[in-house]
Every structure is written in structure tokens, then in C-alpha cells.
Amino acid sequence: MKSSTLKNQITVTNILIGICVAIYFLTEIAGDTENTVDMVRYGAKFNPLIIAGDWWRFITPVFLHFGIIHLAMNMFSLYVLGPSVETLFGKLRFFFIYMSAGIIGVMASFAFVDGVSAGASGAIFGLLGALLYYAWLEKDASYHVDVKQIMVIVAINLVYGFSVSSIDNAGHLGGFLGGFLAAMIVSIPEKKFTTKNIFGGFAAIAIIYLLLHIGYQQQYLFSSMASSFVAI
């Protein structure tokens with residue numbers, strides 16, 4: 001009985017929070033998580049190095065955070081939103097949505113933001129996108145999701161983001177769209193495979209291609225910068 005209860009408590013949300021917290025303390029011990037150069041060393045998004053071949057920097061920024069406040073805010077948001085999305089979509093679908101949103105968020109930042117960035121906020125915005133998809137298209141009366149509430153939360157965060165220069169709104173918007181499309185691809189466990197899933201897949205591929213195309217077209221702007229950071 002106890003082992004069954006413990007198994008139910010081991011959610012993907014809790015695992016993701018644990019990974020982010022562990023990585024934060026490991027990177028803080030190794031250096032300074034509020035130091036840009038150190039964060040680039042750890043795997044933060046930095047366009048010149050991505051262009052130079054560090055493709056894995058589309059993934060690692062999702063687990064890195066600039067300081068304890070940044071970590072705390074994102075983990076609190078994940079703690080609040082994660083269980084709802086995980087309940088609706090199931091563990092594997094939830095993980096797919098979270099990671100897809102996070103990666104597409106980094107790609108959007110790569111395409112439109114020159115600076116160093118990291119954080120789980122793109123993935124967390126993706127959870128809002130997944131909830132919006134559920135509320136808008138699934139219309140399952142057994143679990144109420146307020147579309148207006150979701151849009152208000154997104155709008156408030158974007159307005160705040162545009163008022164603070166250090167916040168990566170491109171990553172947030174990319175994550176939101178990525179979460180919506182990822183939810184469309186996998187849908188919820190009770191739903192059968194339909195053309196909506198196929199459309200979501202093609203739309204996601206098109207968005208990824210567009211973001212990468214825009215990002216890599218900037219190569220000539222960053223070529224001189226890349227050579228100075230390759231040795232980091």
C-alpha cells in the first residue's frame with residue numbers, strides 16, 4: 001500500500017523540479033549562476049556558439065537558471081501548472097509537451113534575441129499553451145479550463161516582459177506556441193488519432209524550420225563573436 005502511494009507521488013512535474021533544482025546547485029557550486037560567462041559555459045543559449053555547432057544548446061537552457069529568484073519563480077509556476085497538465089495529458093504526453101515547448105522557446109529566442117538566455121519559462125508557457133488547446137478544442141466538461149484566465153495570465157506576463165529588457169519574450173511566445181502545437185500532436189489519452197494531430201505535427205515542423213532558418217541567417221552578424229567564445 002505504501003509503495004503504491006509513493007509511486008503515485010512520483011510525478012514528472014516533481015522529477016523536473018528536482019532536476020532543475022539539482023542542476024542549479026551544481027552550477028552554483030561550480031561558479032556563479034548570475035554570471036553570463038559562467039552560464040554560457042554551463043550551456044545557456046548563446047547564438048554564436050549554436051551557429052558554431054553547439055546544437056545541444058537548444059536543450060540545456062531549459063534546465064538552467066540565472067540565480068535563485070529566477071529558479072524559485074519558475075519552479076513555483078511549474079509546481080502550480082504542472083499537475084493540471086500532467087493529469088489531463090498523462091505522464092509521457094506531459095513530458096513531450098514540456099520539452100517540445102522548452103526547445104521551441106529556445107529556438108524562438110535564437111531567432112529573435114541576440115543575448116544569452118536560459119530558464120524553464122518557455123516550457124512553462126508551453127503548459128499554458130497546452131491548457132489553451134485542451135480548453136479550446138477538447139471541451140471536456142469533466143475538467144474545467146478557463147480560456148480567459150489563461151489568456152490573462154499570458155498577457156500579464158508578456159506586458160511585464162516587454163517592460164523589463166532582460167526578459168526573453170520571444171522564448172515565452174515560442175514556448176507558448178510550442179506547447180499548444182505539442183498538445184495538438186499528442187492530444188489527450190481518450191482521444192483517437194485525427195487530422196488535427198497531423199496538422200499539429202506539420203505546423204510544428206514548419207515553425208521549427210522557420211525559427212532555425214531565421215536564426216542561422218544571422219551567421220554573418222555573429223561570425224566574429226563566435227570565434228572569441230569557442231574557447232570558453
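Phe58, Phe110 and Tyr216 form one aromatic cluster in this predicted model. The count of aromatic pairs comes to 6. One of them joins phenylalanine 58 and phenylalanine 110, whose ring centres are 5.4 Å apart with the planes at 80°, so this pair is edge-to-face.

**Aromatic pairs**

- Where do phenylalanine 58 and phenylalanine 110 sit? Phenylalanine 58 lies in the loop between H4 and helix H5 (67-89), while phenylalanine 110 belongs to helix H6 (residues 91-112), so their pairing ties together parts that are 52 residues apart in sequence.
- Phenylalanine 58 counts as buried because its relative accessibility is 6%, below the 20% cut-off for that label.
- Phenylalanine 110 is buried as well, with a relative accessible area of 0%.
- Phenylalanine 89 and tyrosine 134 make another edge-to-face pair, because their planes meet at 70° and their ring centres are 6.3 Å apart.
- This pair ties together parts that are 45 residues apart in sequence, because phenylalanine 89 lies in helix H5 and tyrosine 134 in helix H7 (residues 121-138).
- Are phenylalanine 89 and tyrosine 134 buried or exposed? Both are buried.

**The nonpolar core**

- In soluble globular proteins, nonpolar side chains tend to be buried together.
- The largest nonpolar core here has 48 residues. Which of its members touch the most others? They are Leu78, Phe89, Tyr98 and Leu127.
- Two or more residues of this core come from each of these elements: helix H2 (12-30), H4, H5, H6, H7, helix H9 (169-186) and H10.

- H2 has 19 residues, and its first and last C-alpha atoms are 27 Å apart, close to the 27 Å expected at 1.5 Å a residue.
- Its buried residues are Val12, Thr13, Leu16, Ile17, Cys20, Tyr24 and Thr27. Looking down the axis of H2, you find these buried residues within an arc of 140°, so they line one face of the helix.
- What do the buried residues of H2 pack against? Their partners are helix H3 (36-42), H5 and H6.
- On the face of H2 turned away from its buried side, you will find the exposed residues Leu26, Ile29 and Ala30.

**Helix H10**

- The 22 residues of H10 should span 32 Å at 1.5 Å a residue, which agrees with the 32 Å between its end C-alpha atoms.
- Among the residues buried in H10 are three glycines, Gly200, Gly201 and Gly215. Asn197, Ala203, Ala204 and Leu211 are buried in H10 too.
- Phenylalanine 199 lies in this helix, which covers residues 195-216. Is phenylalanine 199 buried or exposed? It is exposed, because its relative accessible area is 54% and the cut-off for that label is over 50%.
- Phenylalanine 199 and leucine 181 are 18 residues apart in sequence, with their C-alpha atoms 8.9 Å apart in space.

**Buried residues with polar side chains**

- Asparagine 47 is part of helix H4 (residues 47-51) and counts as buried at 0% relative accessibility. A polar atom of its side chain lies 3.2 Å from the backbone oxygen of valine 113.
- Arginine 57 is in the loop between H4 and H5, and at 4% relative accessibility it counts as buried.
- What does the side chain of arginine 57 reach? At 2.8 Å, it reaches the backbone oxygen of valine 40.
- Setting aside neighbours within four places in sequence, arginine 57 is in contact with Val40, Gly43, Ala44, Lys45, Leu49, Ile50 and Val106.
- Serine 187 is found in the loop between H9 and H10 and counts as buried at 4% relative accessibility.
- Most residues other than glycine have a negative phi. Serine 187 is not a glycine, yet it has a positive phi of about 55°.

Definitions and conventions: Residues are numbered from 1 along each chain as its sequence is written. Side-chain values use heavy atoms; hydrogens and water are left out. Helices (H or I, at least four residues) and strands (E, at least two) are DSSP runs, numbered from the N terminus. Buried means under 20% relative accessible area, exposed over 50%, partly exposed in between (1.4 Å probe, protein chains only). A polar contact is a pair of N or O atoms within 3.5 Å; within protein, one must be able to donate a hydrogen and the other to accept it, and residues adjacent in sequence count only if both atoms are side-chain atoms. Rings of Phe, Tyr and Trp (its six-membered ring) pair if their centres lie within 6.5 Å; planes under 30 degrees apart count as stacked, over 60 as edge-to-face and the rest as tilted. A nonpolar core is a set of buried Ala, Val, Leu, Ile, Met, Phe, Trp, Tyr and Cys residues joined through side-chain atoms within 4.5 Å. The expected span of a helix is 1.5 Å times one less than its number of residues. The arc is that of the directions from the helix axis to the C-beta atoms. Contact means heavy atoms within 4.5 Å.
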